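Hello,

Here is the structure I promised to pass on. Please open it alongside this message; my notes follow below.

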Amino acid sequence: MIDASRHVGARALAALLLCAALAVLHTWPLASAPGTLSRNDNKDTVLNTWALAWVAHALVTAPSQVLSGNIFHPERNTVAFSDPVIVPGLLSVPVRALGASPELTYNLSLLLGYLLSAWAMQWLAWRWTGHFGASLVAGSLFAFNAHSLVSMGHIQAIHAYGLPLLLVGLDGLCRPDARRLWHGLLVGVATAILALTSGYLAIFGIVCGLIVVAVRWRELWQAPWRPLIAASLAGALVMALPVLPVLRAYREMQATHGFVRSLDLVAAMSANGTAYLATPARVHERWARGIYQTGEPKDSLFPGVVATLLALAGLVLWHEHLRDGRVRIALGLVVVGLVLSFGPATPVYTVFYAGVPFASGVRAASRFGVLFLSGLAVLAAYGVAAVSRRWPRVATTASVVALVAVNAEAFRGPVPFVPAGTPSPIYTTLAGLPDGVVVEMPFWWRPIDIPRNANYMLASTAHWKPLLNGYSGFTPASYRRRADILWYFPFRAASFDELDHAGVRYVVLHLVEYGSQRQEALDLIEASGRWRIIERRGDIVLYARVR
């Protein structure tokens, strides 16, 4: 018994190390310089870099205020304007405590997210197929695919390990011989991980639960009721404790701001046929480059030729075929994920939108393709296991070839990173000043320019003072109203009055954005008599309110 446990433990460790190596490979050259490389050329990356840093900061200093980010002052729960990323932020606390920069923190979280997602799916596939080599293929397909490898700017999409953990727990609740309490607790923990990482992942978890109930209802109905109820209640309690405060914040935000995505918006962000052909992979570059770069696909969801063939082999060759409830779950993920990714183009989505909790908050229906890719990864594992059992002499070779093939087909490296950049010393000075509201100028007005606030948010990680600026998945009406006035600072007197009304104490002026009007801007601020220069570094000027 001890030897068997050691054997399992050794394989689990080997799988972990392999997943770590694959995370380094698929993100290369990130691991060669994680402190100086970044994808900060993408404003969503900058937004999520700020969010990780804020959550890690708030969990240590004021845990109850973890959703009250310092942006869009004086709005409440501003982290809830996008995904909460609380779990990735929690995992980043030790790194930030050791003095890591926001960019280094993000990069390490990115590598960790890939590793854990691959490892979690490997564990699920190992339990379901009983085949170690097949499980490594599933882990690779789940963590390193066309969608995940173009989503490096969305850290919440990379920390997707809650999905396979949830499926392990739900499967256990369906099996009469399983340890129901343990699996109920796992369902609760996995659901909490999903909900505290991303709104999309939380909805994916709900869909997974509905699929499991739909295909395994007979087993649930025939199972002993007492242990099932006890396990469900235990899981619900574990989930509710951390999730309810976050859920309350999102409900409040929805009620205050009318946060609902219209079906027209969802339709514009839904997948189409070309999305399932779009991939940045090197091996497919000759034929896929045009599809991937045209902008016509709403996402990159190409599953891979090898993965598709392995999945078909799993459906045809697996000894129990669709009589196996786990195979039906995987097939259900493929079908439901595919249909929902097309959004309102199918009548199914309208029913889903109206009937499933929080579905009206989904903007990019194309991301349901993650469920399609998840189910395909599991079916591919069954394909490898079926081939190995039917032809045992080539079992090891088949597993190795499949593992190498799926990773080679997904590989897109070297990834085009950019230098992380160095924050201005102005922000170090600002950090040492008394508390007060900060505004960065220009105060961007046009919707196309609002993402430029992300750079201001990243700079605020040096001081964490309340910031009038902001960028997120949702822009509150208060920002738009204020931008109508502050966009004209300092050329209109009303802009000075608006700063007074907002209680602003510090202004950071970026002269480079004013072009030929930079000297006029400086003269107008000085002539107002309301602001004095604290420090100037090149084209950045820090002002404090004259009291």
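Predicted model: local features only at pLDDT ≥ 70, side-chain atom pairs only at ≥ 80, totals over all residues.

Thr45 sits in helix α2, residues 43-61. Beyond its neighbours within four places in sequence, Thr45 contacts Arg39, Asn40, Tyr106 and Gly153.

Next, the loop between α2 and α3. Pro74 is found there. Val85 is buried, at a relative accessible area of 0%.

There is another cis bond, from Met441 to Pro442, with omega near 10 degrees. Pro442 belongs to the loop between β3 (437-441) and α21 (453-459). Trp464 is in the loop between α21 and α22 (477-486). Phi of Trp464 is positive too, near 60 degrees. Trp464 counts as buried, at 16% relative accessibility.

Now the core. The largest nonpolar core holds 170 residues, and Phe368, Met441 and Leu509 touch the most other members. Which helix gives the most to this core? It is α18, with 14 residues. Setting aside neighbours within four places in sequence, Met441 contacts Tyr456, Leu486, Phe489, Leu499, Val507, Val508, Leu509, His510 and Tyr514.

- α5 (residues 102-129) packs on α18 (residues 369-390) at about 45 degrees, with the axes 10 Å apart. That angle makes α5 oblique to α18. The crossing of α5 and α18 is right-handed. From α5 come Met121, Leu124, Ala125, Trp128 and Thr129; from α18 come Ser374, Val378, Ala381, Tyr382, Ala385 and Arg389. The residues of this contact are 8 nonpolar, 2 polar and 1 charged.
- α15 (residues 305-317) crosses α18 at roughly 65 degrees, and their axes come within 6 Å. The crossing of α15 and α18 is left-handed. On the α15 side are Ala307, Thr308, Leu310, Ala311, Ala313, Gly314, Leu315 and Leu317. On the α18 side are Leu376, Leu379, Ala380, Tyr382, Gly383, Val384, Ala386, Val387 and Arg390. The residues of the α15 contact with α18 divide into 13 nonpolar, 3 polar and 1 charged.

Best regards

How values were computed: Residues numbered from 1 in each chain as written. Heavy atoms only, no water. Axes fitted to C-alpha atoms, helices over the stretch in contact; angles between N-to-C directions. Helix = DSSP H or I, 4+ residues; strand = E, 2+ residues; numbered from the N terminus. Parallel < 35°, antiparallel > 145°, perpendicular 65-115°, else oblique. Left-handed = near helix turned anticlockwise from the far one by under 90°. Contact = heavy atoms within 4.5 Å. Nonpolar A, V, L, I, M, F, W, Y, C, P; charged D, E, K, R; others polar. Core = buried A, V, L, I, M, F, W, Y, C linked by side-chain atoms within 4.5 Å. Buried < 20%, exposed > 50% of the residue type's maximum accessible area, 1.4 Å probe, protein only.
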